[in-house]
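Please read them with the structure open.

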Amino acid sequence: MTACTLQIHYSDRATSEQRTRGGWWTCTVQLASVRTEALFDPSKSWVKADLKSDALLAHEQIHFDLVHIQARRAAARISRELGAKAFTAEAATEREARDLARARWIEEIERLVAEERAELNERNRLYDAETEHGTRAVEQQRWARLVERELRELGIRRPAAR
């Protein structure tokens with residue numbers, strides 16, 4: 001069992017202005033930054049001693065690679081879809097306007113994050129199903145080639161095996 005997680009960190013920037021008529025505030029929130037990480041948790045990863053093998057390790061490493069690929073794709077997608085998008089709200093106070101605009105922004109970014117995580121979960125499920133958890137050598141090799149190509153396309157180099 002390999003415990004890998006996709007972490008997505010994001011921040012916003014907000015601008016506010018008060019209208020001279022009526023004193024209402026307008027606030028606009030936009031994406032300031034997005035950063036993703038593929039994390040491996042050794043404390044939650046394990047292998048039964050009698051099943052330990054290079055083939056099993058190679059299978060589990062591809063699970064981490066899938067998280068790494070999804071992390072890069074998620075950052076690109078969030079930047080592409082939200083980078084220029086503005087979320088605006090009006091309210092009687094600056095704080096209310098900012099909170100409303102930020103709530104709309106958070107709702108959208110959380111939707112994208114949920115979609116990325118669902119896609120990663122589905123891809124891992126498919127990988128395990130098609131390779132029967134690494135026991136079908138032909139399918140395992142097909143996935144290894146596919147993932148290696150995707151890593152190359154993203155400019156990710158795997159460290160040399162030790």
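1. Basis. The model is predicted: local features need pLDDT of at least 70, side-chain atom pairs count only at pLDDT 80 or more, and totals for chains, interfaces and linings use all residues. Residues are numbered from 1 along each chain as its sequence is written, and side-chain values use heavy atoms, with hydrogens and water left out.

2. Helix 1 with helix 2. Axes here are lines fitted to C-alpha atoms, for helices over the stretch in contact, and angles run from 0 to 180 degrees between N-to-C directions. Helices (H or I, at least four residues) and strands (E, at least two) are DSSP runs, numbered from the N terminus. The crossing of this pair is right-handed (the near helix is turned clockwise from the far one by less than a right angle; anticlockwise is left-handed). Their contact has 13 nonpolar, five polar and 10 charged residues. Ala, Val, Leu, Ile, Met, Phe, Trp, Tyr, Cys and Pro count as nonpolar, Asp, Glu, Lys and Arg as charged, and the others, Gly among them, as polar.

3. Helix 1 with helix 3. Helix 3 covers residues 137-153 and packs on helix 1 at about 35 degrees, the axes being 10 Å apart. The crossing is left-handed. On the helix 1 side the contact (heavy atoms within 4.5 Å) uses A58, H59, I62, D65, L66, I69 and R73, which meet Q140, W143, A144, V147, E150 and L151 of helix 3. By class these residues are eight nonpolar, two polar and three charged.

4. Helix 2 with helix 3. This pair packs at about 145 degrees, with axes 8 Å apart, and crosses in a right-handed sense. Helix 2 supplies R123, L126, Y127, E130 and T131, while helix 3 supplies E139, Q140, R142, W143, L146 and E150. The classes are four nonpolar, two polar and five charged.

5. R123. Beyond four places in sequence, R123 touches L66, I69, R73, W143, L146 and E150.

6. The loop between helix 2 and helix 3. Most residues other than glycine have a negative phi. E132, in this loop, has a positive phi near 50 degrees, and H133, also in the loop, has a positive phi near 55 degrees. E132 is partly exposed at 45%, whereas H133 is exposed at 53%.

7. Strand residues. Q7 lies in strand 1 (residues 4-18) and is partly exposed at 31%. Not counting residues up to four places away, Q7 touches R35, T36, E37, L39 and R117. T28 lies in strand 2 (residues 25-40), and its side chain makes a polar contact of 3.1 Å with that of T88. A polar contact is a pair of N or O atoms within 3.5 Å; within protein, one must be able to donate a hydrogen and the other to accept it, and residues adjacent in sequence count only if both atoms are side-chain atoms.

Definitions and conventions: Buried < 20%, exposed > 50% of the residue type's maximum accessible area, 1.4 Å probe, protein only.
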